[in-house]
Amino acid sequence: MGDFIQLVFSGTATGAIYALAALGFTLLWQAAGVINFAQGEFVMLPAFGMLFFMAMGAPMWLAFLLTCALSMLILGYGFKRIIVDPLIKHGVIPLVIATLGVSIAVKSIIRAGYSAEAHPFPSPFPDGQFALAGINVSYADVGTLVMAGMIVVVLQSFLNKTVTGRAMQAVAQNTDAARVLGINVKRMVLYVFLINAMLAVVAALLVAPTYLAKFDMGDSIGQKAFFAAIIGGFNQTRGALLGGVLIGILENVVGFYVSPAYKEGVALVLFLAVILFRPEGLLGKSEERKV
Amino acid sequence: MNSPRNTLLLAAGLVLIAVAALFAKRSEVYLLTLTCVYLIATFGLNLTVGYAGQMSLGQAAFFGIGAYIAAIAMKAGVPFLAVVPLAAVACFVVGLALGFPALRVQHHYLAFATLGFNVLVFLIMRNEEKITGGTFGISAIPRPSFFGHELGGAVPFFYFTFVSLIIVASLLWWLLRSPWGRAFAALRDNPIRAESLGVNITAYTLLAFAIGAACAGIGGVYYASLVEFIEPGPFHFSTSLLMLLAVIVGGSGRFMGPVVGTVIIILLPEFLRSSNVEWLKFMQKWYLAFFGVAVIALMIWLPGGILSFADRFKVKETAK
């Protein structure tokens, strides 16, 4: 039983990172109708960004803040202006293909231009673990959970409590009605892209110490983000959190009790089960198709 | 495609390739055969992507399933011509089983389902060592023989693959011209209208996907026989991605689209690899980066793919 609780706990910590990536993914889908297949690379790039700034001598917090700014500029604003804006009018498929192009290009540029190796990434939390109610808890897991939890709480209260946040939700729910009400839709959509870029940096900071910074580290985390978003419910931000944590826990449990070799397959099986029995996702509401 | 001039051009092109193979170097014949093998898979994928309007990110998984079935069955003594339908049927059935839950919900879910499927198939290939040989793979896969004629040589096997490709392509061409195939285009262009006219969208999309998967399975059989040694590497998700982009870059929904795209993803990197020119060697390292950027640019300026370039001028002329 001790094993099991420990697995659930560390799974929740990993799942919280998936949830952050999934959250950004869901927000983009809700507000702008964008399915971003480069979401994993959006996590990989900031990891290298932070390594770059730290190699230049910046302390971790400064590297993190600088990368946040850079990420919001390039992966938020730049991504929207250069790729999403010109493509959104062609429909979903060309845009999705373009994000696949982004994914390949970014991965290959890092591999060809910088390094194909895995680079160690310092943990923002102290090493070691402590005993709590009979199980060993690592500081890294606690730190990850606290940090991810804080980000989620801040984001949720921003979306629910502030005028801007509520305007963003209005855009996500009904763009036309929001425009009629005088909401600056373009600006709200831009905010969503900026938030996504920032969430990606946080996810990178939390995931890179264990997964290491590598050009293809986004493959795995990107896939978990898609599946977490769908499992939880594509049109619910809370869904992304539930989906992420669920995948994190089940991966740990399957890896321990069944076979570590099939850990990566857990998300797919869960996804197939969910779309078979509850297609709108665990927390999602079913959407009517528009003609 | 329908005009007699185009048919003549196509026939001339095919004859030219067939004759060129006689004079080509051994390595060039190999590459030509490899292109034909991938084309069998990408022609099938075009049915899913271009005609049924679905994104499939798992074509390499079906390609791999076909290859492993071929490797295992042929080493057990099953003749090549029996392996081809076996692999096709297996991939068709797996395609139905995978596509059914995904397409029942929302159509872009197929992209996610196939992506996850590819990851899972890759894990099985790598981990189930008793069946697949794990990372060591399966070696010494025989080439087919007919009535005592061995097709072991590079050129005879090329002709065999070339003719098979033409047969598969012709079948797909015929399928798309049939009333049944017309329904594919209808559901891609306007699914809701197609449904109101009595086309069962889900059933047709599912079939298009499963037929596309079966083509990949057939391609996989030829692949295993061509390279004579298989391991999980070539069936990774990234190959699926390249196959999908090959179809899109060439021009999805155009019958010859996959030819252009497949030449770009298979022949071009090989050409760069074998080149002695300095800047081409540089290109080899950066090839995928350029390819990714080119895909983005293409989607922005020419979302219909390279083959839609000519149409653009036609539209402008009539607009005048």
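Biologist: At roughly what angle do the axes of helix α1 (residues 2-32) and helix α5 (residues 139-161) of chain A cross?
Modeller: This is a predicted model, where local features need pLDDT of at least 70 and side-chain atom pairs 80 or more, while totals for chains, interfaces and linings use all residues. Residues are numbered from 1 along each chain as its sequence is written, with chains lettered from A and ligands numbered from 1 in written order. Helices here are DSSP runs of H or I, at least four residues, numbered from the N terminus, and axes are lines fitted to C-alpha atoms over the stretch in contact, with angles from 0 to 180 degrees between N-to-C directions. The two axes come within 9 Å, and they cross at roughly 35 degrees.

Biologist: Which residues of α5(A) does α1(A) meet?
Modeller: Contact means C-beta atoms, placed from the backbone, within 7 Å. The α1(A) side includes A:Phe9, A:Ala13 and A:Leu20. Nine nonpolar residues, three polar and one charged make up this contact (Ala, Val, Leu, Ile, Met, Phe, Trp, Tyr, Cys and Pro are nonpolar, Asp, Glu, Lys and Arg charged, the others, Gly among them, polar). On the α5(A) side you get A:Asp141, A:Thr144, A:Leu145, A:Ala148 and A:Ile151.

Biologist: Over in chain B, how are α3(B) and α5(B) oriented to each other?
Modeller: Helix α3 (residues 59-75) of chain B packs on α5(B) with axes 9 Å apart, at an angle of about 30 degrees. Angles under 35 degrees count as roughly parallel. The pair is therefore roughly parallel.

Biologist: What residues of α5(B) sit in that contact with α3(B)?
Modeller: α3(B) brings B:Ala60, B:Ala61, B:Gly64, B:Ile65 and B:Tyr68. Facing them in α5(B) are B:Phe117, B:Asn118, B:Val121 and B:Met125.

Biologist: At which residue does helix α13 (residues 278-301) of chain B bend?
Modeller: The bend is the angle between axes fitted to the seven residues ending at a residue and the seven starting there. For α13(B) that comes to about 65 degrees, at B:Trp286.

Biologist: Which element gives the most to the side of chain B that touches chain A?
Modeller: The contact takes 35 residues from chain A and 32 from chain B. The chain B side divides into 26 nonpolar, four polar and two charged. With eleven residues, the top contributor is α13(B).

How values were computed. Helix = DSSP H or I, 4+ residues; strand = E, 2+ residues; numbered from the N terminus. Contact = placed C-beta atoms within 7 Å. Parallel < 35°, antiparallel > 145°, perpendicular 65-115°, else oblique.
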